[in-house]
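Me: I am new to this structure and would like to learn how to read its side-chain contacts. Could you take me through them?

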Amino acid sequence: MKKTMKQTLILASSSEFRRELLQKLQIPFSSISPRVDETPFENEKPHETALRLAQDKARKIGTEYPHALVIGCDQVATLDGEQLGKPLNHANATKQLQSMRGREVTFHSALCLYNAATGNMQAEVVPYIVRFRQLSDEQIENYLNKEQPYQCAGSAKSEGLGIALMERMIGEDPNALIGLPLIKLINMLENENISVL
């Protein structure tokens, strides 16, 4: 028999977009920034980086809240196997979007659910592929001036105006592109005997 939420659920993230996604499940949770170093290890594959960071974030919050269920997330975008980091500024975002026009980018969205009380950790990477439109420099400039997605891997927010940059999206869960694969999370919560319905 499934039980309702009795353990504290914590989203180990400062992302407002992940918070908005998790609110769709209508279960109580709090959100805490884990503050971990997101530098990739040498020779680490992008999906490995995303998975490690999601687990590190969940573990870090789990040490502070030892009876909580902690959700850790991370996302790494790649173009031709090369990692695209957060652009952080207008110039870098312009270069990223110019390199991505007319091409496919894979977003590796890692999800971890860590039961700090039992030590049980579930973790998985949910890939999502986006083909970008053949954008002009003017379109890129207009988009960046309007949305300023400088903290987003891949320099675009699909949940906002960034959807206009995209030609096609392929994946099992559209929420993965935003950074929190809800379908996989529901399965993980059920493995902890927690039903959202």
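This is a predicted model: local features need pLDDT of at least 70, side-chain atom pairs count only at pLDDT 80 or more; totals for chains, interfaces and linings use all residues.

Reply: Residues are numbered from 1 along each chain as its sequence is written, and side-chain values use heavy atoms, with hydrogens and water left out.

Me: How many salt bridges are there?

Reply: Side chains of opposite charge can pair when their charged atoms come close. A salt bridge here is a side-chain nitrogen of Lys or Arg within 4 Å of a carboxyl oxygen of Asp or Glu. By this rule the count is 12.

Me: Which parts does the pair of Glu38 and Lys57 tie together?

Reply: Glu38 and Lys57 form a salt bridge with an N to O distance of 3.2 Å. Glu38 is in the loop between strand 2 (30-31) and helix 2 (46-64), and Lys57 is in helix 2, so the bridge ties together parts 19 residues apart in sequence. Helices (H or I, at least four residues) and strands (E, at least two) are DSSP runs, numbered from the N terminus.

Me: Is Lys57 buried or exposed?

Reply: Buried means under 20% relative accessible area, exposed means over 50%, and partly exposed lies in between (1.4 Å probe, protein chains only). Lys57 has 6% relative accessibility and counts as buried, whereas Glu38, at 34%, is partly exposed.

Me: Where do Asp56 and Arg59 lie?

Reply: Both are in helix 2, 3 residues apart, which is about one turn of the helix. Asp56 is partly exposed at 26%, and Arg59 is partly exposed at 38%.

Me: What does Asp80 form with Arg103?

Reply: Asp80 forms a salt bridge with Arg103, and the closest N and O atoms are 2.0 Å apart. This pair links distant parts of the chain, 23 residues apart: Asp80 is in the loop between strand 3 (69-79) and strand 4 (82-84), and Arg103 is in the loop between helix 3 (90-100) and strand 5 (104-115). Asp80 is exposed at 59%, while Arg103 is partly exposed at 31%.

Me: Which residues do shared partners join into one network?

Reply: Salt bridges with shared partners join Glu38, Lys57, Asp74 and Lys86.

Me: Which charged end sits over the ring of Phe41?

Reply: A charge sits over a ring if NZ of Lys or CZ of Arg is within 6 Å of the ring centre and within 35 degrees of the ring normal. The charged end of Arg52 sits over the Phe41 ring, 3.6 Å from its centre.
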